[in-house]
Amino acid sequence: MYARSTTFRAGRPSRGRQSTPMHLTDAGIDFLRNEVVPAVQAMDGCLGLSLMADRGSGRCIVTSSWDSIDRMRASDSAITPMRERAGTMLGGLPFVEEWEIAAMHRHHRSHEGACVRATWMHGAAADLDRGVDLFRMVTMPAMESLDGFCSASLFIDRSTGRAVISATYDSTAMMVSSRDQAMDLRMRTAREARVDVLDVAEFELLHAHLRVPEMA
């Protein structure tokens, strides 16, 4: 199975080359949740979608899951106009990535108020299979011991060596309380998998219907 993630970073032009972060607008989030999500969900081959946002940093990520890479890519022409409109509403250009879904495990389903910690990593493409095995056998079982843990997934891009781990928690308070343990686990995983940690971010989970079966 495969996934496409589209990241929006709300911002406003500044005098330099970079934009100044600003809060996500409710209108932009409502457009994604009420118009983009159901439209993509109805497309051939789409299994489901998730939507998560960090209102403080202005970052919002929409992820869709697909039963084949061909159907995922065939949908792009229909999705592009919606993606561009969302970028205009949110004030930032969309950044699109395609992934292979390497692992998915649910301890229990998430509910309203759930949050996600996402960790982006990069390593040698040749080491990805080793990293996937490590995640399944060591990292995921360790995550289950963290208070409030709901689920975890691993997406990989074999062409670039990039990967992203997403861990869902029952609440912001539980996610915050797990930070030290999660950091220790993250550093241990990165060292053993021989990857670099590129970024770590925490989000509200606004829509949780990715509908990917257990792949532990």
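Predicted model: local features only at pLDDT ≥ 70, side-chain atom pairs only at ≥ 80, totals over all residues.

Student: In what order do the strands close into a barrel?

Tutor: The order is β1-β5-β4-β10-β7-β9-β8-β6. That makes 8 strands, with antiparallel pairing. Neighbouring strands are turned by 35 degrees against each other on average, ignoring direction.

Student: What holds paired strands together in general?

Tutor: Backbone hydrogen bonds do that, in parallel or antiparallel sheets.

Student: OK, how many bridges join β1 to β5?

Tutor: There are 8 bridges between β1, residues 2-9, and β5, residues 59-66.

Student: Which residues of β10 stand opposite M52 and H122?

Tutor: M52 stands opposite L205. H122 stands opposite D196.

Student: Switching to helices. Which strands does α1 lie across?

Tutor: Helix α1, residues 26-41, lies across β1, β4, β5 and β10. Its direction is at about 165 degrees to β4.

Student: What about α3, which strands does that touch?

Tutor: α3, residues 76-90, packs on the sheet and touches β1, β5 and β6. Its direction makes about 25 degrees with that of β1.

Student: How do α4 and α6 run, parallel or antiparallel?

Tutor: Their axes cross at roughly 160 degrees and come within 10 Å. Angles over 145 degrees count as roughly antiparallel, so α4 and α6 are roughly antiparallel to each other. The crossing is right-handed.

Student: Which residues make that contact?

Tutor: From α4 they are R130, G131, L134, T139, A142 and M143. From α6 they are L185, T189, E192 and A193. By class, the contact has 5 nonpolar, 3 polar and 2 charged residues.

Student: Last topic. Where is T160?

Tutor: T160 is in the loop between β8, residues 149-157, and β9, residues 162-169.

Student: What is T160 in contact with?

Tutor: Leaving out neighbours within four places in sequence, T160 is in contact with H122 and G123. The C-alpha atoms of T160 and A124 are 8.0 Å apart, though these two are 36 residues apart along the chain.

Conventions: Residues numbered from 1 in each chain as written. Heavy atoms only, no water. Axes fitted to C-alpha atoms, helices over the stretch in contact; angles between N-to-C directions. Helix = DSSP H or I, 4+ residues; strand = E, 2+ residues; numbered from the N terminus. Parallel < 35°, antiparallel > 145°, perpendicular 65-115°, else oblique. Left-handed = near helix turned anticlockwise from the far one by under 90°. Contact = heavy atoms within 4.5 Å. Nonpolar A, V, L, I, M, F, W, Y, C, P; charged D, E, K, R; others polar. Pairing = 2+ DSSP bridges.
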